[in-house]
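Biologist: Could you take me through this model? I would like to begin with the metal site and then move on to the packing and the backbone.

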Amino acid sequence: MRSDPGRLRFEISAREGAARCGRLHTASGIVETPAFIPLATHGTVRSLASSEVAALGYQLVLANTFHLLLSPGPERISALGGLHRFMGWERAILTDSGGFQVFSLAHGGVADEIKGRRRGQLGQGSVLEIGEDGVRFRSYVDGSERSLGPEDSMAVQAALASDVALAFDECTPYHADRDYTARAMERTHRWLDRCVAWHGRNGPPRQALFGIVQGGVHEDLRRISAERTCAAAIDGIAIGGTLGREKEQMRGVVALTAPRLPEDAPRHLLGIGEPDDLVEGIALGIDLFDCAVPTRLARHGMALAPLPRSRFRFDVRRAEFAEDAAPLVEGCPCASCASHSRAYVHYLSRAEELTGVRLLVEHNLAYLERLVSGARAAIARQRFSDYRAAILSGAAPWAALTERAR
Ligand SMILES: [Zn+2]
């Protein structure tokens, strides 16, 4: 790890067990942690203007190198002043490396988990070759032959001028065997060195760089990868790759990996963000989470809710809500719930009106923001273990410390 406060400074203000709350000082302002990071995959958080995302309280969004490389292209975004100016977002931006998407073209097994996937979108692209220098593939936008490797990924992220860049990695799927996972991990470590070298010479002086721990579900590989990644000159650590098929296995991988990371560096768990995963991840010492769930659910008429027995969600399109005058979730402080009924969202969502998606995105993102801000407050007051238990047993985030869980 390196310590370069000009790029990133992380201060931890309180701890309870392994959980911690703190502040990440980026070139574009402060991010309070633990934080959930909404996906701005194509340079937009689906259906919302950047000002609306800020109004929800978010301080950091995640944009996607692979998709922005193909369209509209880093040159155009750079010519228009960088991604912050392009999307009208003054707060912090984290860009992923593109590795997850480009390897999903090859591995298929994680295709359904692809962030920002549109129907048929990636099915039209294909991988031509995977080698030491990266991946050659066919663009899903225009069929042209493209390539993405460690230096390319760093160059795109430099042109986008994000506050935090991720090193290029191979995200191995659950169905890859141990031997493949081990070889891919070793190559990811070599790519990390190339990313650090390129970034040191050419990267924006205030951009931070995170490395990614791989190793699949294999305990020894995760250990090796954590050690190797932490030895590089980076500013933070992400935990990536397959985390198993079930939540228990995922938590096992995180429980094994997190204690091997430096105490004072920020830790990002990639692609995870359902309500129970957030409180469990925070309990294990994770600071940052990103996930497609709040926006993806909204497209399918689903609202987040304090319902542990139905994966913290319900389908507002179900017939029983057609005449329901209650808000999506009673007591929810979001603007959707303040003004609109389940019956209205039910009707809009069934009619596939854009406003239906917007109201659900707003509710789902507000719900997760309250969940993590509640966790921060609970850690500061040494009440996180009560908060976690209340959330897991069905309390709403805004009532978890004041009301007995249902
Ligand atoms: Zn709401």
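Modeller: What follows covers the metal site, the helix packing and some backbone details of a predicted model.

Biologist: Which residues are the protein donors of the zinc ion?

Modeller: The zinc ion is held by Cys332, Cys334 and Cys337 through their SG atoms and by His363 through ND1. These donors lie 2.1 to 2.4 Å from the zinc ion.

Biologist: What is the geometry of the site of the zinc ion?

Modeller: The site is tetrahedral, with angles of 101 to 118 degrees among the 4 donor atoms. For reference, the ideal angle for four tetrahedral donors is 109.5 degrees.

Biologist: What spacing do the donors follow along the chain?

Modeller: The spacing of the zinc donors reads C-x1-C-x2-C-x25-H.

Biologist: Is cysteine 332 buried or exposed? And what about cysteine 337, buried or exposed?

Modeller: Cysteine 332 has 8% relative accessibility and counts as buried. Cysteine 337, at 9% relative accessibility, counts as buried too. The cut-off for buried is under 20% relative accessible area.

Biologist: Now to the helices. How do the axes of H10 and H14 cross?

Modeller: Helix H10 spans residues 275-283 and helix H14 spans residues 354-380; their axes come within 11 Å and cross at roughly 25 degrees. That angle makes H10 roughly parallel to H14. The crossing of H10 past H14 is right-handed.

Biologist: Which residues make the contact?

Modeller: From H10, the contact uses Pro275, Leu278 and Ile282. From H14, the residues are Tyr367, Leu368, Leu371, Val372, Ala375 and Ile379.

Biologist: At what angle do H14 and H15 pack?

Modeller: H14 packs with helix H15, residues 384-392, at an angle of about 150 degrees, and their axes are 8 Å apart. H14 is therefore roughly antiparallel to H15.

Biologist: And which residues of H14 and H15 make the contact?

Modeller: H14 contributes Arg370, Leu371, Gly374, Ala375, Ala378 and Ile379, while H15 contributes Phe384, Tyr387 and Ile391. Leu371, Ala375 and Ile379 of H14 are also listed in the contact with H10.

Biologist: Going back to H10, how does H9 pack with H10?

Modeller: Helix H9, residues 247-257, packs with H10 at an angle of about 25 degrees, with the axes 11 Å apart. H9 and H10 are therefore roughly parallel to each other, and their crossing is right-handed. In this pair, Lys247, Met250 and Arg251 of H9 meet Asp276, Asp277 and Glu280 of H10.

Biologist: You mentioned S7. What does glycine 131 touch?

Modeller: Glycine 131 is found in strand S7. Leaving aside residues up to four places away in sequence, glycine 131 touches Arg187 and Trp191. Glycine 131 and glutamate 32 are 99 residues apart in sequence, and their C-alpha atoms are 39 Å apart in space.

Biologist: Let us turn to the backbone. Which peptide bond to proline 34 is cis, and which one to proline 72?

Modeller: The bond from threonine 33 to proline 34 is cis, with omega near 0 degrees. Proline 34 lies in the loop between strand S3 (29-33) and strand S4 (35-37). The bond from serine 71 to proline 72 is cis as well, with omega near 5 degrees. Proline 72 sits in the loop between H2 and helix H3 (74-79). Most peptide bonds are trans.

Biologist: What is phi of serine 47, and what is phi of alanine 161?

Modeller: Most residues other than glycine have a negative phi. Serine 47 has a positive phi, near 75 degrees; its place is the loop between S4 and helix H1 (50-55). Alanine 161 has a positive phi near 60 degrees, and is located in the loop between helix H6 (150-160) and strand S10 (164-166).

Biologist: What is the relative accessible area of serine 47, and of alanine 161?

Modeller: Serine 47 is partly exposed at 29%, and alanine 161 is partly exposed at 34%.

Technical notes:
Residues are numbered from 1 along each chain as its sequence is written. This is a predicted model: local features need pLDDT of at least 70, side-chain atom pairs count only at pLDDT 80 or more; totals for chains, interfaces and linings use all residues. Side-chain values use heavy atoms; hydrogens and water are left out. Donors are N, O and S atoms within 2.8 Å of the metal (3.2 Å for Na, K and Ca); water is not among the atoms, so sites may look incomplete. Four donors count as tetrahedral if all angles lie between 85 and 135 degrees; four count as square planar and six as octahedral if opposite donors are over 155 degrees apart and all others between 65 and 115; anything else is irregular. Buried means under 20% relative accessible area, exposed over 50%, partly exposed in between (1.4 Å probe, protein chains only). Axes are lines fitted to C-alpha atoms, for helices over the stretch in contact, and angles run from 0 to 180 degrees between N-to-C directions. Helices (H or I, at least four residues) and strands (E, at least two) are DSSP runs, numbered from the N terminus. Angles under 35 degrees count as roughly parallel, over 145 as roughly antiparallel, 65 to 115 as roughly perpendicular and the rest as oblique. A crossing is left-handed if the near helix is turned anticlockwise from the far one by less than a right angle, and right-handed if clockwise. Contact means heavy atoms within 4.5 Å.
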